[in-house]
Number of protein chains: 2
Amino acid sequence: MLIMEKDEKIIEMSRLMWEQAIPHFSVDSVVFGFHENQLKVLLVRMAKTQTWLLPGGYVFKNENVHDAAQRVLKERTGAEKIYLQDFGIFGNLNRSEGFFEQYDDDLWHKQRFISAGFYALVDYTAVNLATDTFSDSCEWKSITDLPDLGMDHQHIYDTALTILRQQLSYKPIGMNLLPEKFTISELQKLYETILDRQLNRGNFYRRIMRFDMLIKHEDQRKGGAHKAPNLYSFDPVKYHESLQGMDW
Amino acid sequence: MLIMEKDEKIIEMSRLMWEQAIPHFSVDSVVFGFHENQLKVLLVRMAKTQTWLLPGGYVFKNENVHDAAQRVLKERTGAEKIYLQDFGIFGNLNRSEGFFEQYDDDLWHKQRFISAGFYALVDYTAVNLATDTFSDSCEWKSITDLPDLGMDHQHIYDTALTILRQQLSYKPIGMNLLPEKFTISELQKLYETILDRQLNRGNFYRRIMRFDMLIKHEDQRKGGAHKAPNLYSFDPVKYHESLQGMDW
């Protein structure tokens, strides 16, 4: 699409948003996926400035905020009913200063926006990415090789990652991020990737088993040079019980 | 103050808010304090309807959202720079339906509001409570004997308590809620009150010691019939390190 057409679309969208959406308020989502032993996050690139941002959007006047976050994510990924958790509010003055400066002052997007942060853990393979009016790219980026993010989106991302890391201590993480069956060392690799450090194998095994949420399968991972490791999957009932918090 | 004067003040406040505040957006805080072995929460009572609510307020156009939450809490409690943490967004349609129905439709307070939830842990003894334009009472209420809350404030409160309970698993809680020096059983009592169940004394001792954040004092608690228990206080540096999350 030509830049000129994009501009016309942005101005048309601005007009619609002033009619239909709650002013001054947006939602932004930090969407994590796990692929080839790498934790990835979903980013969109603004066509005009080539700035990378978290996927975000606005809330319609007749729409619940959590429904809006789901809708925006569905527009970007095609995925429905994913695990989406609000985790904080980002409302500093001038957090988006300088963005959209080429447009008139009555452009919707030039308001001061207060943004609610959501995070999601999604099945990397179940996602079909799509761009929106502003963006020319929507991609998974490895968290070890993130581009610079615009506005305050680095701060929103950092906060989500901190919360995800803290939650590893008392909530199980993995369903949605791993295939249905996995080995303990694949699960440990996921934890090490999120925490960004090596874990002791024995300690990890004992702590994971304390959550009491894994089902051991008869079949084993084949093809390696070593003894075939056991395959596990999450017990959905116990997994969701564990989400309520670790016992003292 | 007479009801009539309160009404005039509400209409005057409405006029000012339309000029000075971000529309459609509010902050509400769940403020916990600990006193006489009870966990308490700060509530305000609306003068006209006698409905209890969490203390909340609005964000000025030239104000950061977190600064607004601090300001609102200072207005209610006199306390400054307290530990205040955003934890979620409450934005369902009609969450405040029926409130302020006796006023004209252009009253500021009749808008749809999306509210950011904050929680605070404060020193019960350091707080001086004050009412605002709408309220005729501002009180600590024990969490075991809460009155019905208006709007969706029961849901906001429940969410804050759930998060506080989860955080006990990986963050130290107690600074601000306990006196400077305390016994291990006083700390255990605080945890039991928040979790609303008995904890095994030996397990509690071992887990608390794993946080490695307590300083043991030479002096002991006097006056009891039994052997005087040791007094402890939090090591501020290690306490704040532990806030970053438990080690795997």
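A polar contact is a pair of N or O atoms within 3.5 Å, where within protein one atom must be able to donate a hydrogen and the other to accept it, and residues adjacent in sequence count only if both atoms are side-chain atoms. In this predicted model, the rule finds twelve residue pairs in polar contact across the interface of chain A and chain B, both residues of each pair being at pLDDT 80 or more. On the side of chain A that touches chain B, at least two residues come from each of β1, β4, α2, β5, β6, α4 and α5 of chain A. The largest share of that side, five residues, is supplied by α5(A).

| Item | Value |
|---|---|
| Contact residues of chain A | 42 residues |
| Contact residues of chain B | 42 residues |
| Area buried between chain A and chain B | about 3400 Å² |
| Share of that area from carbon and sulfur atoms | 61% |
| Salt bridges between chain A and chain B | zero salt bridges |

Chain A is superposed on chain B by a rotation of 180 degrees with 0.0 Å of shift along the axis, at an RMSD of 0.1 Å. That is the relation of a two-fold axis. The same surface serves both copies, as 100% of the contact residues of chain A recur in chain B.

Helix α4 of chain B covers residues 184-195 and spans 16 Å from its first C-alpha to its last, close to the 16 Å expected. Nine of the twelve residues of α4(B) are buried, among them B:Ile184, B:Leu187 and B:Tyr191. The buried residues of α4(B) pack against β1, β2, α3, α5, β8 and β9 of chain B. After α4(B) comes B:Asp196, with a positive phi near 60 degrees.

Key. Residues are numbered from 1 along each chain as its sequence is written. Chains are lettered from A and ligands numbered from 1 in the order in which they are written. This is a predicted model: local features need pLDDT of at least 70, side-chain atom pairs count only at pLDDT 80 or more; totals for chains, interfaces and linings use all residues. Side-chain values use heavy atoms; hydrogens and water are left out. Copies are superposed by least squares on the C-alpha atoms of residues with pLDDT of at least 70 in both. Contact means heavy atoms within 4.5 Å. Helices (H or I, at least four residues) and strands (E, at least two) are DSSP runs, numbered from the N terminus. The expected span of a helix is 1.5 Å times one less than its number of residues. Buried means under 20% relative accessible area, exposed over 50%, partly exposed in between (1.4 Å probe, protein chains only). Buried area is the accessible area (1.4 Å probe) that two parts lose on being put together, summed over both. A salt bridge is a side-chain nitrogen of Lys or Arg within 4 Å of a carboxyl oxygen of Asp or Glu.
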